[in-house]
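Please look at the sequence and the structure first.

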Amino acid sequence: MGKDLNGKELGVGITQQKNGLYSARFVDKFGKRRQKRFKKLQECRQWIADATYVDEHSNILQATDIMVDAWFDYWIDIKKKTVRPNTVRNYTERYNRNIKKIIGKMLLSEVKPLHCQKIFSDMADEDYRTSTIYQTRIALFNMLEFAKENDVIRYNPCKKSVKSDMGKTSQKKEALTVDIQKVFLEYASGQSYEYQYRFILQTGLRTGELVALKWEDIDFQNKTLKIQRSMEYRYSVGEWRIGEPKSKSGYRTIPLTDEAIGILKRQKEKNKKIKIISME
């Protein structure tokens, strides 16, 4: 039995660390040590109860004895090795927020089209956008299709009859007119990121592509720019992550205008005047 900092019994597999966090741990049926930390004791107890239940009632080799939660964990571990981190993050977010609460504790073999439909219908009732509901469908379909292809289930219940074209219509994206660009640049003039704003308007780069640029990507002589990577800020862990472009077509060479080249040169001169502050 684990104890808290005051010596009080917390339950099997649960302890409180010196920093106040509660830690839950157990060894699953495959001998793998599972552990997670929480700020609240109630959340800690709920996790270890759910995790041990899934472990006891799931067998990856038998369709009649595997829960959806366990199948998702198995499937997403494979996806981590085959798709981009952003894709894994999107699949995981959609599962945890929308799919899990409907079918997570069900046996995989018992999931029917009506359960899939409830996932999308509930999202529409909660005012999700159509695009987000469609992303959820992609995650659900791919997860179930993988089970079908491996003969874990006989058919994919997320079939065509399950409708997901519902929810709030996504806002239409429109390109900035020349006049609006001029007004925008007037306000950007003299701002810290003025050159970045001007460069994006010149090249059409995504924000992540701009942030990931290196000087070695620029060919000043031939006036071209190579896109070879992208960056994003992961709020969940508080750090920047660098990765591949959004798609294969994301790898590209962009011709640069004289204005774009001028912006880069001015930014380079500006960089020389920036003082680097040590974080140590």
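In which kind of crossing, left-handed or right-handed, does α3 pass α4? The crossing is right-handed. The model is a predicted one. Two packed helices are described by the angle between their axes and by the distance between those axes. The points below take the helix pairs in turn and then move to the loops.

**Helix α3 with helix α4**

- The axes of α3 and α4 are 9 Å apart, and the helices pack at an angle of about 130°.
- An angle of 65 to 115 degrees would count as roughly perpendicular and one over 145 as roughly antiparallel, and α3 and α4 are therefore oblique to each other.
- From α3, the residues R94, N98, I99, I102 and I103 take part, and they meet H115, K118, I119, D122 and M123 of α4.
- Sorted by class, this contact of α3 with α4 holds five nonpolar, two polar and three charged residues.

**Helix α3 with helix α5**

- Helix α3 covers residues 85–103 and helix α5 covers residues 130–149; their axes come within 9 Å and cross at roughly 80°.
- The two helices, α3 and α5, are therefore roughly perpendicular to each other.
- On the α3 side the contact is made by Y91, R94, Y95, N98, I99 and I103, which meet T132, Q135, T136, I138, A139, L140, N142 and M143 of α5.
- By class, the contact of α3 with α5 has eight nonpolar residues, five polar ones and one charged one.

**Helix α2 with helix α5**

- Helices α2 and α5 have axes 10 Å apart and pack at an angle of about 90°.
- That angle makes α2 roughly perpendicular to α5.
- V68, W71, F72, Y74, W75 and I78 of α2 meet A139, N142, M143, F146 and A147 of α5.
- The contact of α2 with α5 divides into 10 nonpolar residues, one polar residue and no charged ones.

**Helix α5 itself**

- Helix α5 has 20 residues and spans 28 Å from its first C-alpha to its last, close to the 28 Å expected at 1.5 Å a residue.
- Buried residues in α5 are T132, I133, T136, R137, A139, L140, M143, L144, E145 and A147.
- These buried residues of α5 pack against α2 (68–79), α3 and α4 (113–125).

**Residues with a positive phi**

- Most residues other than glycine have a negative phi.
- D127 lies in the loop between α4 and α5, and its phi is positive, near 70°.
- K223 sits in the loop between β6 (218–219) and β7 (224–227), with a positive phi near 55°.
- K223 counts as partly exposed because its relative accessibility is 34%.

**A buried loop residue, S164**

- S164 is placed in the loop between α5 and α6 (178–188).
- With a relative accessible area of 8%, S164 is buried, since buried means under 20%.
- Leaving out residues up to four places away in sequence, S164 touches F120, I133 and R137.
- Of these, I133 and R137 are among the buried residues of α5.
- S164 and Q191 are 27 residues apart along the chain, and their C-alpha atoms are separated by 44 Å.

Methods. Residues are numbered from 1 along each chain as its sequence is written. This is a predicted model: local features need pLDDT of at least 70, side-chain atom pairs count only at pLDDT 80 or more; totals for chains, interfaces and linings use all residues. Side-chain values use heavy atoms; hydrogens and water are left out. Axes are lines fitted to C-alpha atoms, for helices over the stretch in contact, and angles run from 0 to 180 degrees between N-to-C directions. Helices (H or I, at least four residues) and strands (E, at least two) are DSSP runs, numbered from the N terminus. Angles under 35 degrees count as roughly parallel, over 145 as roughly antiparallel, 65 to 115 as roughly perpendicular and the rest as oblique. Contact means heavy atoms within 4.5 Å. Ala, Val, Leu, Ile, Met, Phe, Trp, Tyr, Cys and Pro count as nonpolar, Asp, Glu, Lys and Arg as charged, and the others, Gly among them, as polar. The expected span of a helix is 1.5 Å times one less than its number of residues. Buried means under 20% relative accessible area, exposed over 50%, partly exposed in between (1.4 Å probe, protein chains only). A crossing is left-handed if the near helix is turned anticlockwise from the far one by less than a right angle, and right-handed if clockwise.
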